[in-house]
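Colleague: I have a new model open and would like to learn how to read it. Could you walk me through it, feature by feature?

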Amino acid sequence: MQPKISGAILAGGRATRMGGHDKGLILLNKIPLYQHIANKLLPQVDELIINANRNLDIYRQSCDQVVPDLTPDFSGPLSGMLATLKSASHDWVVFVPCDVPGFPPDLVTRLWQGKQQALAAYADDGNRAHPTLALLHCSLFRQLENYLADGDRKLMLFMHKIGAIAVQFDDNPATFTNLNTPEDCRNWEYMQETRK
């Protein structure tokens, strides 16, 4: 049986390819990017957390809690994961980056069912791994804290170290398209229009 799971949106990056703008607040079809994620993630989880390092008051309007990184150096998604694991209300946390609006509506269920006995699982679309779309047990906090303290930042390397399971989502790889630039956003909007 699936337990209560916290959902976390990773929106704490520098977004250099977005011209340094807060990526989560970039408008996509006139709605902030992070809100697309929140709308799809909320029905799948029991708590919504947003990891952000700026514009915290804006993000607070849409979630149960906003969690900034514990370190001030924007050290990537693992830093956001660490802060979230420390503050989540439930034992399990599913993570989704703020720039993957098409992620599967059954992401949480499939990660939970696919993790087997492991304490972590991440999505794989059949062509590549997507370790920022992951399910982690909060007990991994200490291992992650030590990993970052050693100066490591590679997310996939950490997944291997903790024995995370790759869960296959090869039925629709396009759902994992991430929007890194303003052009990516325009292309995504265009694709949504043409599907109507």
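**Reading the fold**

Modeller: Gladly. Let's begin with one detail: S6 stands opposite V93 in strand 6. Keep in mind that this is a predicted model.

Colleague: Which strands does that pair belong to, and how many bridges join them?

Modeller: Strand 1, residues 5-11, and strand 6, residues 92-97, are joined by six bridges. The two strands run parallel.

Colleague: What order do the strands of the sheet follow?

Modeller: Reading across the sheet, the order is 5-4-1-6-8-7-9. Seven strands take part, the sheet is open, and its pairing is mixed. At the edges sit strand 5 (65-67) and strand 9 (165-168), each of which pairs on one side only. From one strand to the next, the twist averages 30°.

Colleague: Which strands does helix 1 lie across?

Modeller: Helix 1, residues 33-41, lies across strand 1, strand 4 (47-52) and strand 6. Its direction is at about 170° to strand 1.

Colleague: Now the interior. What should I look for there?

Modeller: The general idea is that nonpolar side chains tend to be buried together in soluble globular proteins. In this model, the largest nonpolar core has 31 residues, and L41 and V94 have the most contacts inside it. Several elements each supply at least two residues of this core, including strand 1, helix 1, strand 4 and strand 6.

Colleague: Which residues does L41 touch?

Modeller: Leaving aside residues up to four places away in sequence, L41 touches G7, A8, I9, L48, V94, V96, F103 and V108. Another core, of 27 residues, lies apart from the largest one; among its members are I49, L82, L85 and F95.

Colleague: And the chain as a whole: how many helices and strands does it have?

Modeller: The count is seven helices and nine strands. The radius of gyration is 16 Å, close to the 16 Å that the globule rule gives for 196 residues, so the chain is as compact as a globular protein of that length. Along the principal axes, the C-alpha atoms fill a box of roughly 45 × 40 × 30 Å.

Colleague: What share of the residues counts as buried?

Modeller: Of the 196 residues, 50% do. The chain exposes about 9600 Å², with carbon and sulfur atoms supplying 49% of that area.

Conventions: Residues numbered from 1 in each chain as written. Predicted model: local features only at pLDDT ≥ 70, side-chain atom pairs only at ≥ 80, totals over all residues. Heavy atoms only, no water. Pairing = 2+ DSSP bridges. Helix = DSSP H or I, 4+ residues; strand = E, 2+ residues; numbered from the N terminus. Axes fitted to C-alpha atoms, helices over the stretch in contact; angles between N-to-C directions. Contact = heavy atoms within 4.5 Å. Rg over C-alpha atoms; globule rule 2.2 N^0.38 Å. Buried < 20%, exposed > 50% of the residue type's maximum accessible area, 1.4 Å probe, protein only. Areas by Shrake-Rupley, 256 points an atom, 1.4 Å probe, with all protein chains shown as cover. Core = buried A, V, L, I, M, F, W, Y, C linked by side-chain atoms within 4.5 Å.
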